[in-house]
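This report looks at a protein chain as a whole and then at some of its aromatic rings. Please keep the sequence and the structure in view while reading.

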Amino acid sequence: MALADQVAALIESLAIWPATFYGAGSGGIAVLTLAAHCSAMVRNAIVHEAELVRDYAFPDMAAALQGLNMLDDSSIIAVCRDMFRNQMNQNPQLWDDLGWAYHLRLEGNFVPWVRNYLTQNEDDFPSYSRTELLRRPVAWSIGGYSPVWFGISNLRVAERAGIQVTIFKCRHFPQVEVPDALVSHIRENTRRHLSEPETTKPIAKRIRV
């Protein structure tokens with residue numbers, strides 16, 4: 001996946017590994033890919049509602065997301081603006097309260113996100129095996145108010161490795177709706193692994209093979 005490959009290159013260039021990685025959505029895919037294929041770089045992984053396109057319970061939902069790439073830029077911005085505010089938050093007012101500067105900056109990223117990370121091809125959305133999921137510790141969460149099809153895919157994949165899934169009282173953005181719960185979750189699952197010995201093993205390969 002392009003995003004995981006870019007993160008791996010950045011972390012390697014800065015020599016700040018092993019590290020704890022957190023990612024949600026497409027960021028969750030990047031974190032799982034790093035843990036599975038560049039595990040020397042990862043102390044532990046924290047994932048919220050990864051974009052597990054291959055494991056969606058309903059193929060038409062995956063097709064709808066991939067169909068975003070067929071839209072022109074202005075339509076992508078309009079669709080993402082509505083999706084992020086009204087579908088990925090239980091309380092849209094909390095999303096609005098982040099302020100105009102945040103939203104203006106975010107909307108500048110919608111088109112690059114869709115064009116470069118979300119909908120390139122099926123190979124950019126892996127389906128992880130039990131062996132891959134167990135290479136590094138993974139703390140997993142979903143939003144209890146998220147659409148059922150989103151939660152099912154994450155529960156299905158986490159179950160392969162017997163990973164317990166935490167359920168937050170939110171939808172896709174715990175940092176917006178339950179920030180204190182998310183901070184506690186990240187802090188707890190980071191501290192738990194800080195005592196593990198660090199590895200000096202070189203990064204053997206990039207993500208893409």
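In this predicted model, the chain exposes about 10,600 Å², of which carbon and sulfur atoms supply 54%. Of the 209 residues in the chain, 45% are buried. The secondary structure comprises 10 helices and four strands, and read from the N terminus these elements follow the order α-β-α-β-α-α-α-α-α-β-α-β-α-α. When contacts between residues at least 6 apart in sequence are considered, 76% of them join residues at least 24 apart.

We turn now to the aromatic rings. A pair of such rings is described by the distance of the centres and the angle of the planes. A search of the whole structure finds six aromatic pairs, and the table shows two that involve Trp-95.

| Pair | Centre to centre | Angle between planes | Arrangement |
|---|---|---|---|
| Trp-95 and Tyr-102 | 5.8 Å | 90° | edge-to-face |
| Trp-95 and Phe-173 | 5.1 Å | 10° | stacked |

Trp-95 and Phe-173 are both buried. Trp-95 belongs to helix 5 (residues 92–96), whereas Phe-173 sits in the loop between strand 4 (165–168) and helix 9 (174–177), so their pairing ties together parts that are 78 residues apart in sequence.

Why does Trp-95 count as buried? Its relative accessibility is 4%, and buried means under 20% relative accessible area. Tyr-102, by contrast, has a relative accessible area of 28% and is therefore partly exposed.

Conventions
Residues are numbered from 1 along each chain as its sequence is written. This is a predicted model: local features need pLDDT of at least 70, side-chain atom pairs count only at pLDDT 80 or more; totals for chains, interfaces and linings use all residues. Side-chain values use heavy atoms; hydrogens and water are left out. Rings of Phe, Tyr and Trp (its six-membered ring) pair if their centres lie within 6.5 Å; planes under 30 degrees apart count as stacked, over 60 as edge-to-face and the rest as tilted. Buried means under 20% relative accessible area, exposed over 50%, partly exposed in between (1.4 Å probe, protein chains only). Helices (H or I, at least four residues) and strands (E, at least two) are DSSP runs, numbered from the N terminus. Contact means heavy atoms within 4.5 Å. Accessible areas come from the Shrake-Rupley method with a 1.4 Å probe; for residues, only the protein chains shown count as cover.
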